[in-house]
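Me: Could you take a close look at one residue in this model and walk me through its surroundings? I'd like a connected account of the charges and rings around that spot.

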Amino acid sequence: MSLSTARGFMRFPSLAVVLSLAALALPAQAATSEDEQLWVNLTAMGSIKDELVYFAEIQPRLGDGVSRIDQALFRGALGVKLSRDITLYQGYAHVVVPIEGGKDVNEERSFQQLSWTLVRPKDAEISSRTRLEQRWRSNGNDMGWRLREMLRVEHALKPGSDAVNALAYGEVFFALNDTDWGARKGFDQLRSFAGVEIGLPGASTMEVGYLNQLIDQGGSRQRVNHVASVTLFFRH
């Protein structure tokens, strides 16, 4: 990243504020387990008619040192563009968590999402994604509520060109209630990403980089996943 690009990121303190506040919510002297993972995300998105839009994604996640499927996620949503910068979605997700030597755990989610481009300074863009989830799991009966907030910053590496952008985002998760399948009210996890966005033919893009996933597992235990993240957005 060039010095001018780094200075560009420093103009946008909101991402750092979110990460700092989330870190303060973590228990002190927590016991930490770690893993190396690979996440691949294939997402199609575009207009259905006029202001009616959609997205659909498939995301396999390999864990245990990238040796096996840790999760498989299938998610889609319909949305309405309220303006050039604001889109409201209603979506559904199915998540499969394989259990070695046992029965897979399945999670169903309904979610509402607000995607909002906050500002477009020169050669940059700052956006927000707010998602409220309702979650059911096959190993329990309760419905869990979870709130997710992402702040995302893109900055062109070459002035006047968006062929390659520096990209960073932070997403903090908060559980809003306890459940019989293990959710605990309060801070749930923090995801922090740094990498690049590469322009592809048309409006499609690919994002490649490092994602750090910090999960609060309760009882002064936490998990850190070091993730090689590859995302392909097919836009039409």
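Reply: Happy to! Let's start with Arg131, which belongs to strand E6, spanning residues 124–137. Do keep in mind that this is a predicted model.

Arg131 is buried but takes part in no salt bridge. Glu133 is the nearest side chain of opposite charge, and it is 4.5 Å away; a salt bridge would need a side-chain nitrogen within 4 Å of a carboxyl oxygen. What Arg131 does have is a polar contact of 2.5 Å between its side chain and that of Gln113. The charged end of Arg131 also sits over the ring of Phe111, 4.8 Å from the ring centre. Leaving aside residues up to four places away in sequence, Arg131 touches Phe55, Arg75, Phe111, Gln112, Gln113, Arg146, Leu147 and Arg148.

Two of those names lead on to the rings: Phe55 and Phe111 form one aromatic cluster together with Tyr89. Elsewhere, Arg61 lies over the face of Trp39, at 4.0 Å from the ring centre.

Now back to Glu133, the acidic neighbour. Glu133 forms a salt bridge with Arg109, with the closest N and O atoms 3.5 Å apart. Because Glu133 lies in strand E6 and Arg109 in strand E5 (residues 105–119), this pair ties together parts that are 24 residues apart in sequence. Glu133 and Arg109 are both buried.

Glu171 is buried, with a relative accessible area of 2%. Arg129 has a relative accessible area of 19% and is buried as well, since the cut-off is under 20%.

For a further pair, turn to Glu207 and Arg152, whose salt bridge has its closest N and O atoms 2.5 Å apart. Glu207 is in strand E10 (residues 205–218) and Arg152 in strand E7 (residues 143–158), so the chain is linked across 55 residues. Glu207 is buried, and Arg152 is too.

The whole structure holds 18 salt bridges.

How values were computed. Residues are numbered from 1 along each chain as its sequence is written. This is a predicted model: local features need pLDDT of at least 70, side-chain atom pairs count only at pLDDT 80 or more; totals for chains, interfaces and linings use all residues. Side-chain values use heavy atoms; hydrogens and water are left out. Helices (H or I, at least four residues) and strands (E, at least two) are DSSP runs, numbered from the N terminus. Buried means under 20% relative accessible area, exposed over 50%, partly exposed in between (1.4 Å probe, protein chains only). Lys and Arg count as positive and Asp and Glu as negative; His and the chain ends are not counted. A polar contact is a pair of N or O atoms within 3.5 Å; within protein, one must be able to donate a hydrogen and the other to accept it, and residues adjacent in sequence count only if both atoms are side-chain atoms. Contact means heavy atoms within 4.5 Å. Rings of Phe, Tyr and Trp (its six-membered ring) pair if their centres lie within 6.5 Å; planes under 30 degrees apart count as stacked, over 60 as edge-to-face and the rest as tilted. A charge sits over a ring if NZ of Lys or CZ of Arg is within 6 Å of the ring centre and within 35 degrees of the ring normal.
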